[in-house]
Amino acid sequence: MKNYLRKHPEVRTIRVAAADLNGQPRGKRVPSRFADKVVEDGTRFPLSVLNLDIWGEDIDDSPLVFESGDADGVLKPTERGFLPMPWLEAPTALLPIWMFREDGRPYEGDPRQALRTVVDRYKEKGLTPVVAVELEFFLIDDSGRNLQVPISPRSNKRRKAAETMSIRALDQFDTFFTDLYDACEAMDIPADTAISEAGLGQFEINLMHGDDALRAADDAWLFKILVKGLARRHGFAASFMAKPYEDYAGSGLHTHFSVVDKNGANIFDDGGPKGTALMRHAVAGCINAMHDSTLIFAPHLNSYDRMVPGAHAPSGICWAYENRTAAIRIPSGSSAARRIEHRVAGGDVNPYLMLTAILGAALNGIEDGIEPPEPITGNAYALELDRIPGTWGKAINAFEQSAIIPRLFSPEMIRNLVLTKRQELFYMAELSPNEQVEIYLDTV
């Protein structure tokens with residue numbers, strides 16, 4: 001890690017940052033001449049910092065604050081090391097960190113540590129999840145009272161129309177996307193295909209699959225930070241909020257995953273289109289946990305505006321082969337690449353918590369050997385199905401009262417997340433719709 005700064009003497013400052021429960025980067029600015037101390041000894045800030053609300057405020061009744069004296073955690077660099085920050089004007093490096101207790105134990109309220117726990121469960125069984133994510137986001141002109149599509153740098157026109165898989169829409173913002181791909185390469189984020197989506201100024205970029213779930217979550221977290229920061233350099237906003245426009249589809253964050261054994265064989269591959277019994281068990285685990293995990297997949301008030309039938313956001317609990325109306329889809333293609341696509345999460349999620357919930361639920365199903373219901377056919381929106389909670393309050397209650405969630409998350413994580421979301425629920429009710437959009441636009 002130290003070699004990075006020696007190879008880049010132009011870097012005068014660094015940022016050290018960890019993801020809080022809402023996926024917000026929390027940390028410090030440090031002069032680069034003191035970076036060696038951070039690498040060797042880590043840094044410190046209160047445990048409560050990873051448990052702030054969406055405004056960055058303490059949780060009123062959290063035992064992490066006054067009750068415990070607002071004690072410190074110790075934050076150490078992750079294996080990612082230093083990364084450039086191409087969205088800033090001055091040459092700057094980012095050092096991702098995660099939190100431990102004073103005695104060296106992982107802090108269970110850290111979202112990255114939650115995902116590490118699930119990855120360790122897989123390792124104990126000689127299994128490794130292989131993960132890829134698809135991230136949808138909006139480019140937005142937020143300079144006026146109402147949100148709009150940005151003016152195209154090429155045509156100086158504002159095109160107020162959906163542009164599903166439009167090459168023209170991609171070309172209109174070619175300078176931004178060229179800079180974005182260059183930045184992803186510099187940060188070693190495996191950005192693959194880009195397409196325009198069905199919303200106003202909406203796009204999707206896929207990140208390539210890999211056999212390191214922690215790295216996949218890192219990539220998604222860093223990608224969101226990068227896209228939002230780089231868009232501002234180009235004179236507009238980028239947002240992963242679930243539903244900025246009432247009349248258009250919202251943004252999802254779809255997860256594709258398979259599982260390989262110690263020999264590298266895909267345990268979902270049966271040589272044909274149906275997949276193995278282990279794949280069905282994983283599907284069943286995801287189905288069983290979906291209702292109670294909704295708070296992870298839809299963590300904000302605005303998230304529930306996306307979860308309406310017919311808007312490309314599944315709300316019925318079901319699975320299917322090659323069917324994008326289902327919450328869980330088994331894509332077609334080569335049997336060697338047989339995988340599960342989990343389609344419920346919005347773009348506004350914390351990637352670490354999302355992968356913890358999905359991969360943990362799948363492993364529960366594998367461990368329990370349970371069978372899913374029959375796969376659906378046809379339009380899931382038109383079927384009578386069990387539904388995920390339709391409101392934020394119901395999702396918080398389901399998460400808190402669940403018998404399944406304690407198999408996925410630690411008691412501390414469950415408590416912290418519930419307290420955080422109840423506080424946000426209370427204060428969001430005091431804001432106008434425009435004020436709610438304003439806070440979500442730049443945060444999630």
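This is a predicted model: local features need pLDDT of at least 70, side-chain atom pairs count only at pLDDT 80 or more; totals for chains, interfaces and linings use all residues.

Residues are numbered from 1 along each chain as its sequence is written, and side-chain values use heavy atoms, with hydrogens and water left out.

**Stop 1: the cores**

Start by selecting F137, F176, L180, F223, M354 and F409. These have the most contacts inside the largest nonpolar core, which has 112 residues. A nonpolar core here is a set of buried Ala, Val, Leu, Ile, Met, Phe, Trp, Tyr and Cys residues joined through side-chain atoms within 4.5 Å. Buried means under 20% relative accessible area, exposed means over 50%, and partly exposed is in between, using a 1.4 Å probe and protein chains only.

Now colour helix α6, residues 213-233: it provides the largest share of this core, 13 residues. (Helices are DSSP runs of H or I with at least four residues, strands are runs of E with at least two, and both are numbered from the N terminus.)

Which residues is M354 in contact with, leaving aside its neighbours within four places in sequence? Select V133, L253, T255, I296, F297, A345 and V349 to see them. Contact means heavy atoms within 4.5 Å. Then pick A18, F45, V49 and F82, which are among the 23 residues of a second, separate core.

**Stop 2: the pockets**

Next, select E134, E204, H256, R324 and E341. Of the 40 residues lining the largest pocket, these lie nearest its centre. The volume of this pocket is about 860 Å³.

A word on how such spaces are found: on a 1 Å grid over the protein atoms alone, a cavity is a set of points where a 1.4 Å probe fits but cannot get out, and a pocket is an open set with protein on both sides within 12 Å along at least five of seven lines; lining residues have an atom within 4 Å of a point. Grid points are joined across faces, edges and corners, and a volume is the space filled by probe spheres set on the points.

Move on to L147, P244, P433, N434 and V437, the closest to the centre among the 22 residues that line the second largest pocket. About 540 Å³ of space lies in that pocket. Helix α13, residues 433-443, gives the most to its lining, with eight residues.

**Stop 3: the cavities**

How many cavities of 30 Å³ or more does a search of the whole structure find? There are three. For the largest cavity, with a volume of about 90 Å³, select G23, K224, K228, T443 and V444, which lie nearest its centre among 13 lining residues. You'll meet α6 again here: it gives the most to this lining, with four residues.

**Stop 4: two loop residues**

Zoom to N22, in the loop between β1 (13-19) and β2 (25-31). N22 is buried, with a relative accessible area of 4%. Not counting residues up to four places away in sequence, N22 touches L52, D53, I54, H300, N350, T420, K421 and E424.

Now pick L301, in the loop between α8 (294-297) and α9 (303-306). L301 counts as partly exposed, at 28% relative accessibility. Draw a line from L301 to L425: they are 124 residues apart in sequence and 7.3 Å apart in space, C-alpha to C-alpha.

**Stop 5: two positive phi angles**

Finish with D188, in the loop between α5 (174-187) and β8. Though not a glycine, D188 has a positive phi of about 60°. E322, in the loop between β12 (319-321) and β13 (328-330), is not a glycine either and has a positive phi of about 45°.
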